[in-house]
Amino acid sequence: MSISEHPREPLDGEPRFAPAVAPAASAAVEPSAAESPASPVGRLAATVERLSREVRAAQAEAEGRALIELAKGILVERLKCGPAQAARQLSELAEQAQVTPLEFAVDVINQAARDRMSEVTDAFLAATTGAGDEPVDESAAVRLRAAESGALAADDTQAVADALLEQALRPLGAVAVAIWAAGSDGSLTLAGSAGFSPAEAARWRYVPPDVATVARRGLTERAGQWIGSLAETGLPSIGRHHHPDGGRAALPAGTGGRIHGVLEIAWPEPLPELRPQIVRQVEALAELCAHTLEAYTPAHGPAQEPRVLPDAAELMDLADGLHDPALVLVPHLDAAGHLVDFRIQHVNSRFLDPAGRPRAMVGGSLLLEAYPMAAGQSELFQQVERVYATGEPFRARRMNLTALVDQVPLSAVADISISRHGSAVLLIWRIEDETARLASLLQHAQRLGRIGGFEENVLTGEITWNGQLFDLYGRPQSSTPVPLEELPAHAHPDDGVTIRRFLRTLLHHRRPASAAFRLQRPDGVTRHIRVVAEPVLDTDGRLLVVRGAYQDISAQHWTEVALAATRDQLAHTEQQASERNRLALQLQHAIMPPTQDPLRVPGLQVAVRYRPAETEQLVGGDWYDAVVLPSGLVLLCVGDVAGHGIEAATSMVVLRNALRGLAVTGAGPGQLLSWLNIVAHHLTGAVTATAVCGLYDPDTRTFRWARAGHLPPVLVRDADAAPLPLARGMLLGAVPEAGYEETQVQLAADDTLLMYTDGLIERRDRSVEESLTHLVTTARTAPTTLDQQLDRLLTYSRSDTDDDTCIVGIRVG
């Protein structure tokens, strides 16, 4: 009984089989809680799912049966038996091998075919057999052959995509596949897809040239693209919004060295590194797609070049009509169908060989035989191969080429143009004319440098100017050139002496000469010109020709004038700045000398230090004061006015003298700073400053103090040192009125109190807290005298701002 009569029954006792199908492909759709199986909707959903499973099972059975029938045909040919005997032999051998008839049939096909599919299967099984605990995936051969069978039986590329996804890619975890056809202009057309919604496929039916996508990367990268996660690349791709973190693979689909499209595969999750055997399986599927894409023609979309393009004969006629040297190349394949070289099918009459060989020696030979170094140094062969594979043309200017002829390396520079026409490649190869190139460079240099050349024959009176010289003179090129002897009439009258001296040296003494003058043009424009010329003498020393050049130096002249004016202005500004800094420094030193006579107070040592800035340009507004008031109290204060220069110095004098006058009133430190804030805000041009003000009572050894945004004093007692607790108070001059907190500290015998400005500790690379900690650490080591301690603080200061520094120190006796 034949198969066609009973298609669902096994033949001659042949057991039934079921190809491996991924769970995702066969899982039933569970009805929701609201739709029970007994409801009409639930029954309808169950019916649809049951029919879908039956259709998929029927398709799988039909594809598997096609492979079994093919294997039986191979056995019929090899065993010289009938179909029934071949079927029984297949069943018995499968039972002996303890595999399914389908798996054994695929093994028979692989042994007979010895093609790409069988190579991939053998390599996969060889690598996985005996690999520890890892299971051997013998269904890989079945999947590949089933996918091949489905693709060959499909009537369009869409059906090929469905077959690849269901038979080969779902078992690998993939959820969607897209087959892209590559146009000759670099565009991509979606020839078929599976796993993507119809709306998504319609949205991506055409990708214009030069648009960066995952498929585009697969087209340009010969090894393909394996992307772990789309989110890492940011590249657009079909179905990206459904699986934004999923993995992708895009592999070029080509045969015989020519790429016809791209196979793109989507996974729902990030793609781990795949085993080489899996990669080879996917590459085999891409090659399978290439055979389908060879005959693909877009049914709609932008106009594409037809797949059948002019052959090599028509391209030869086209090459002969070109004015540039051209080669017509055709692919040269090995016995396995792999591209290994290109044959030079035709050389047109204008072609010039870089090695100087006649055209007859080049035509008909292989490209790498004629130009062996093209495969390496110049990358010419790689570019020809890429153009043939992708169809995208290649252009390059001044490409370095190297030919190897009789073991003698010859170098050449050429402009290259490569394009594909049908199954042939047109290579236009133009050797650059070095003389023409140098002439072009000279012409560009003269134009950029605004240089015009001339030659004057003194015997015949013939004068030759280039076009640039006519432009410099402001005259049309149809006018008569100006002789050298008439040059004074075209120059400014004040430059007449210079022009005549130039002509005397050149024409009378017959020596090279140059001169700079002002050229007065007919359009009223005056240009600054430099002329350089040299005489040409005969063997008897007679003057024959004068050659030279004019150069427009107007821009240089006015630049020099502007620079001279800028230098004068800069010198004047520097003089003013130096004078201002000198006055500020004198004022500062007059008010606060670097050293001061010690203050005589019973039971109290007082010392001050002032260190000016290292550069005079940084003269600042740091100030200090230590004075005994009429009440017997000792006024101690330091401050820092914002800014530098004469303004800061004068503001410092105002605040220092104002505080002295206000202190006579007997007010406390907080009140004194409040009044000083009014002075800073209203009477000094709204300057801002920081300050610490304190009053020491020798009778009670108490120190009352307040601060206005300044660093706190440091108290040194025994072997310990620490800053006093901060009192509230904002900087001076910021607001019209401000209050300042006043605190008090009781001092003991041998206590030392230090008041300072930020120039002592401030660093560019450290915070104020770190710098203050270093100061406290240094202050703990107290030398014998107070003066030695202040000198030690200045010596070991880590400040790097080159600012002024003031220190006021008291030590209780």
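Which residue, with a positive phi, follows helix H15? In this predicted model, that residue is Gly391, whose phi is near 85°. The chain has 813 residues, of which 44% are buried, and its secondary structure comprises 23 helices and 27 strands. Among contacts with a sequence separation of 6 or more, 60% join residues 24 or more positions apart.

**Helix H15**

- Helix H15 spans residues 380–390 and is mostly covered, with eight of its 11 residues buried.
- The buried positions are Leu380, Phe381, Gln383, Val384, Val387, Tyr388, Ala389 and Thr390.

**Helix H18 and its surroundings**

- Helix H18 covers residues 496–508, and its 13 residues reach 17 Å from the first C-alpha to the last. This span is close to the 18 Å expected at 1.5 Å a residue.
- Six residues are named as buried in H18: Gly496, Ile499, Phe502, Leu503, Thr505 and Leu506.
- An α-helix has 3.6 residues a turn, so residues three or four places apart point the same way.
- After H18 comes Arg510, which has a positive phi near 55°.

**Nonpolar cores**

- The largest nonpolar core contains 28 residues. The residues with the most contacts inside this core are Trp623, Leu655, Leu659, Leu673, Leu676, Cys693 and Leu732.
- At least two residues of this core come from each of strand S20 (634–644), helix H20 (646–663), helix H21 (669–682), strand S21 (689–697) and strand S22 (702–708).
- Helix H20 makes the greatest contribution to this core, with six residues.
- A further core, of 26 residues, lies apart from the largest one; its members include Leu165, Ile265, Leu271 and Leu288.
- Beyond its neighbours within four places in sequence, Leu732 contacts Leu673, Leu676, Asn677, Ala680, Val687, Thr688, Ala689, Ala691, Ala708 and Tyr740.

**Packing of H22 against H23**

- Two packed helices are described by the angle between their axes and the distance between the axes.
- For helix H22 (residues 768–779) and helix H23 (residues 786–795), the axes come within 10 Å and cross at roughly 145°.
- The crossing of H22 past H23 is right-handed.
- H22 contributes Leu775, Thr778 and Ala779 to the contact, while H23 contributes Gln789, Arg792 and Leu793.
- Classified by residue type, this contact of H22 with H23 consists of three nonpolar, two polar and one charged residues.

**Arg780, between H22 and H23**

- Arg780 occupies the loop between H22 and H23.
- Arg780 is classed as partly exposed because its relative accessibility is 36%, a value between the 20% and 50% limits.
- Setting aside residues up to four places away in sequence, Arg780 touches Ala719, Asp720 and Ala721.
- The C-alpha atoms of Arg780 and Ala722 are separated by 8.8 Å, although the two residues are 58 apart along the chain.

**Ile68 in helix H2**

- Ile68 is located in helix H2, which runs over residues 40–79.
- Ile68 is classed as buried because its relative accessibility of 1% is under the 20% limit.
- A C-alpha separation of 7.4 Å is found between Ile68 and Pro101, which are 33 residues apart along the chain.

**Positive phi in loops**

- Most residues other than glycine have a negative phi, and most peptide bonds are trans.
- Arg701 is a residue other than glycine with a positive phi, near 55°. Arg701 sits in the loop between S21 and S22.
- With a relative accessible area of 31%, Arg701 is partly exposed.
- Asp718, also not a glycine, has a positive phi of about 55°. The position of Asp718 is in the loop between strand S23 (714–717) and strand S24 (720–723).
- Asp718 counts as exposed because its relative accessible area of 71% is over the 50% limit.

How values were computed:
Residues numbered from 1 in each chain as written. Predicted model: local features only at pLDDT ≥ 70, side-chain atom pairs only at ≥ 80, totals over all residues. Heavy atoms only, no water. Axes fitted to C-alpha atoms, helices over the stretch in contact; angles between N-to-C directions. Helix = DSSP H or I, 4+ residues; strand = E, 2+ residues; numbered from the N terminus. Left-handed = near helix turned anticlockwise from the far one by under 90°. Contact = heavy atoms within 4.5 Å. Nonpolar A, V, L, I, M, F, W, Y, C, P; charged D, E, K, R; others polar. Core = buried A, V, L, I, M, F, W, Y, C linked by side-chain atoms within 4.5 Å. Buried < 20%, exposed > 50% of the residue type's maximum accessible area, 1.4 Å probe, protein only. Expected span 1.5 Å × (residues − 1).
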